[in-house]
Amino acid sequence: MSGWAKKRFWDATTIAEDENGFEILLDGRSVKTPAKAPLIVPTRAMAEAIAAEWDAQEGEIDPKTMPTTRGANAAIDKVRIQHAEVADMLAEYGNSDLLCYRATQPQELIARQAKVWDPLLERAASELGAALCIRSGIIHEDQDAASLAALRNRVHAFNEFELAAFHDLVSLSGSLVIGFAAIYRWEPIGKLWDISRTDEIWQEEQWGTDEEAQKHAEIKREAFLQADRFFSMSRS
């Protein structure tokens, strides 16, 4: 949000609807993105969330407290312009998906990974038409081309707001399959975050937790949950 006013300069935050979507107004003036594009979003739910973030600002504007606004800015200023590139980048996660690469030891971790990761891969095969093979160890092997194409087509079908949210769901979890599991509600979003951290949770159970690492993980968890909320608002 560089270039925006640093302090609150308006009294009333309102929403206006037109044929392009929903616009946020500050004392009747349109909010612009950092790239000076109109901040017009696809749903009233998203507009209301953004308006609430602006209305909550007192004194200095704090972008860290405005996640929905930041997400909309990214969708308009970045993803809209580079939609194909972003979609291709995310689709590539399918070729090295976290859920496909399994530990070779100890047996307890191997069993835990199978218990929580296998059901998601099975649903990807049955519901997305993408059968991904499990690998042992970290040596890369390409997945089936038809399965990757099926996943890529689904990613490219997202609009810029959906894709901006999907970007965070995938990049934060390290898994394209978990990203789809989130938007299709295969599991509760909090459980999916824990599933993405199966290896880290295992390590914490064996060796204890590190306070700094926990803080970092909590920041990432909140961003993951916010991405899920943003995706839902893109469609509601």
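The lining of the largest pocket divides into 10 nonpolar, four polar and six charged residues. The structure is a predicted model.

**The largest pocket**

- The volume of the largest pocket is about 450 Å³.
- Its lining counts 20 residues, and the closest to the pocket centre are Pro67, Arg70, Gly71, Ala164 and Asp168.

**Helix α1 against α10**

- A pair of packed helices is described by two values, the angle between the axes and the distance between them.
- Helix α1 spans residues 44-55 and helix α10 spans residues 211-235.
- The two pack at an angle of about 130 degrees, and their axes lie 6 Å apart.
- An angle over 145 degrees would count as roughly antiparallel, and 65 to 115 as roughly perpendicular, so α1 is oblique to α10.
- On the α1 side, the contact is made by Ala45, Met46 and Ala49.
- On the α10 side, Phe230, Met233 and Ser234 make the contact.
- By class, the contact of α1 with α10 holds five nonpolar residues, one polar residue and no charged residue.

**Helix α1 against α2**

- The axes of α1 and α2 cross at roughly 125 degrees and come within 8 Å.
- α1 and α2 are therefore oblique to each other.
- From α1, the residues in this contact are Met46, Ala49, Ile50, Glu53 and Trp54.
- They meet Pro67, Thr68, Thr69 and Ala72 of α2.
- The contact of α1 with α2 divides into six nonpolar, two polar and one charged residues.
- Met46 and Ala49 of α1 take part in the contact with α10, and Met46 and Ala49 also meet α2.
- Pro67 of α2 meets α1, and Pro67 is also among the residues closest to the centre of the largest pocket.

**Strands β1 and β2**

- Strand β1 covers residues 13-18, and strand β2 covers residues 21-26.
- The strands pair in the antiparallel sense, over six bridges.
- Glu17 has Phe22 of β2 as its bridge partner.
- A hairpin of two residues joins β1 to β2.

**Backbone details**

- Most residues other than glycine have a negative phi, and most peptide bonds are trans.
- Asp27 is not a glycine, yet its phi is positive, at about 50 degrees.
- Asp27 sits in the loop between β2 and β3 (29-30).
- The peptide bond that joins Gln105 and Pro106 is cis, with omega at about -10 degrees.
- Pro106 lies in the loop between β5 (101-102) and α4 (107-127).

Note on methods
Residues are numbered from 1 along each chain as its sequence is written. This is a predicted model: local features need pLDDT of at least 70, side-chain atom pairs count only at pLDDT 80 or more; totals for chains, interfaces and linings use all residues. Side-chain values use heavy atoms; hydrogens and water are left out. Axes are lines fitted to C-alpha atoms, for helices over the stretch in contact, and angles run from 0 to 180 degrees between N-to-C directions. Helices (H or I, at least four residues) and strands (E, at least two) are DSSP runs, numbered from the N terminus. Angles under 35 degrees count as roughly parallel, over 145 as roughly antiparallel, 65 to 115 as roughly perpendicular and the rest as oblique. Contact means heavy atoms within 4.5 Å. Ala, Val, Leu, Ile, Met, Phe, Trp, Tyr, Cys and Pro count as nonpolar, Asp, Glu, Lys and Arg as charged, and the others, Gly among them, as polar. On a 1 Å grid over the protein atoms alone, a cavity is a set of points where a 1.4 Å probe fits but cannot get out, and a pocket is an open set with protein on both sides within 12 Å along at least five of seven lines; lining residues have an atom within 4 Å of a point. Grid points are joined across faces, edges and corners, and a volume is the space filled by probe spheres set on the points. Two strands pair if DSSP finds at least two bridges between them.
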